[in-house]
Amino acid sequence: MTTRALPAVRLTLAVQLLLAAAVLAQPAPPAPATPRYTAVRAGRLIDPATGTVTTDQIILIKDRKFEAIGPKVAIPSGAEVIDLSGLTVLPGLVDAHNHLAITYKVVPERNNYYVTVISDSTPLRAIQAASNGIQMLAAGFTIVRDMGNNGLYADTALRQAIEEGWIPGPQIINAGIIIGSAGGQFWPTPEMGIEKKVTYPEYLEADTPDELVKAVRQNMLYGAKVIKICADCKPWGYSVDDIKLVVAEAAKAGLKVEAHAQTVDGARRAIEGGVWSIAHDLGLDDANHKLMVKKGTFRAGTETPLSLTDHQTEAGFKRDVASLKNAYENKVNMTYSTDADYWVPGKTRGEVAIEFIETWKAAGIPPRDILKAMTTTGYRCAQTENTRGPIKPGLAADLIAVPGNPLEKIDALRDVQFVMKDGVVFKQKGVLTPGPFFHGGPEYGLVR
Ligand SMILES: [Zn+2]
């Protein structure tokens, strides 16, 4: 296309006319809509914070939020009534550590995500993320902390798409690009690392204090809601002072920091540096668990069950169970976290994530405390406890329902029959009903 320069004065006039036309074209503000009421009749209602059950409750929802909960709540005329009197209703679940925009596979990558990041483009991974998010929501996960390895901010795109109302999915707390010293979790050849810069965008390389600050700012600019660093991906790792610097920089935008740590020393430095949460349990011995209790650090242990055979060994499972048990005995802030970023043929991402209850059961943790990790502690770690999670008036109307009672048998969570997100039914009688989540535009507004 060729262009022809307009005289400056005419261009200014043209711009003014266009602006005036744009203002005139603005639709009149919509008249206040009549509130939409939904009443859920809950046969049993679980409060995971106290581990208690109440029966025959009415949960009233006004538009996207809870309005009132109790046995005798008045149902406004015209309200839609949903009968879950035969089910147990509870708040949505949290996976405090997943990677929705990556799916590594046995074939052809032999489960090596180093290959996956080269073979799958960021746009393809964003589409995988949309699908994985839907699969997580179908399994009852209404909040997912998405902790990096998401290409060039596919996780931000996923969060925006869900928050704006394009697609259904869990609330996403996303980390952007994982910050690590050169190489990240990879050990590239000089040709690939220096010449081809293969580490990026899977990792944001930062080796000096200036680079650390810049990396945190890049993530915040491009939509991260939590910062993830790799404390010890290389033997030289980050010092306590490096980590304190990251924590302080993230705090300027109200963000918390999670540290990936797989050594005892790396985890200790991260805890002492003041991170919000530690990912993985390899570095979490008794002393570090005690230090976490002192500092209030959340634990995202990512304990893979033995049943996911391509992803766990007998020895690894034994170690994970022992670490979980020790964390429980020390009363650490334990979150349910999976790191389930691979394809298990025959299972959805949500079904893989729920499978992790097997490790918690093997550690002898009672169902009510497993559920607490999957809900109450998860909300606190995700910093949503005042906006989304608990079934309380004024909070986002998210809830799930199952036939059994997860306080007695946690496996009841394998059979999520009903899911509501933001006051809209996503799954009913075990069947997905996502239609109302799709809009022709950003129904809930533009977000960054
Ligand atoms: Zn991970």
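Buried here means under 20% relative accessible area. With that in hand, welcome to a set of close-up views of this predicted model.

**View 1. R299, a buried residue in strand β13.** R299 sits in strand β13, which spans residues 298-300. Its relative accessible area is 0%, so R299 counts as buried. Leaving aside residues up to four places away in sequence, R299 touches a list of partners that includes I278, D281, L284, H289 and M292. Also among them are S323, L324, A327, V332, N333, M334 and T335.

View 2. Which residues coordinate the zinc ion? They are H97 and H99, each through NE2, and D339 through OD, at 2.0 to 2.2 Å. Along the chain, these donors follow the spacing H-x1-H-x239-D. The site links distant parts of the chain: H97 belongs to strand β5 (residues 93-98), while D339 is found in the loop between β14 (333-334) and α11 (349-354), 242 residues away. Are H97 and D339 buried or exposed? H97 is buried at a relative accessible area of 0%, and D339 is buried as well, at 18%.

View 3. Strands β1 (residues 37-47) and β2 (residues 52-62) pair in the antiparallel sense over ten bridges. To find your place in this pair, look for T38, which stands opposite I61 in β2.

**View 4. Strand β15 and its two partners.** Here we zoom in on strand β15 (residues 399-402), which is covered on both faces. L399 and A401 are buried on one side, and I400 and V402 are buried on the other. In a regular strand, side chains alternate between the two faces of the sheet. Strand β4 (residues 80-90) runs antiparallel to β15 and is joined to it by three bridges. The pairing of β15 with β16 is antiparallel too, over three bridges. I400 is a handy landmark: L90 stands opposite I400, and I400 stands opposite V419 in β16.

**View 5. The parallel sheet of three strands.** This open sheet has the order β5-β6-β7, and its pairing is parallel. β5 and β7 (171-174) are the edge strands, each with a single partner, so one side of each has no neighbour in the sheet. On average, neighbouring strands are turned by 15° against each other, direction ignored. Strand β6 (residues 141-146) pairs with β7 in the parallel sense over four bridges, and I143 stands opposite Q171 in β7. Helix α3 packs on this sheet, touching β5 and β6, and its direction makes about 135° with that of β6.

**View 6. Helices α6 and α7 crossing.** The axes of α6 (residues 209-221) and α7 (residues 240-251) come within 10 Å and cross at roughly 30°. The crossing is right-handed. From α6, the contact is made by P209, L212, V213, V216, R217 and M220; from α7, by D242, L245, V246, E249 and A250. By class, the contact has eight nonpolar, no polar and three charged residues.

View 7. Most residues other than glycine have a negative phi, and most peptide bonds are trans. D63, in the loop between β2 and β3, has a positive phi near 55°. K429, in the loop between β17 and β18, has a positive phi of about 50°. D63 is partly exposed, at 32% relative accessibility, and K429 is exposed, with a relative accessible area of 74%.

Terms used
Residues are numbered from 1 along each chain as its sequence is written. This is a predicted model: local features need pLDDT of at least 70, side-chain atom pairs count only at pLDDT 80 or more; totals for chains, interfaces and linings use all residues. Side-chain values use heavy atoms; hydrogens and water are left out. Donors are N, O and S atoms within 2.8 Å of the metal (3.2 Å for Na, K and Ca); water is not among the atoms, so sites may look incomplete. Helices (H or I, at least four residues) and strands (E, at least two) are DSSP runs, numbered from the N terminus. Buried means under 20% relative accessible area, exposed over 50%, partly exposed in between (1.4 Å probe, protein chains only). Two strands pair if DSSP finds at least two bridges between them. Axes are lines fitted to C-alpha atoms, for helices over the stretch in contact, and angles run from 0 to 180 degrees between N-to-C directions. A crossing is left-handed if the near helix is turned anticlockwise from the far one by less than a right angle, and right-handed if clockwise. Contact means heavy atoms within 4.5 Å. Ala, Val, Leu, Ile, Met, Phe, Trp, Tyr, Cys and Pro count as nonpolar, Asp, Glu, Lys and Arg as charged, and the others, Gly among them, as polar.
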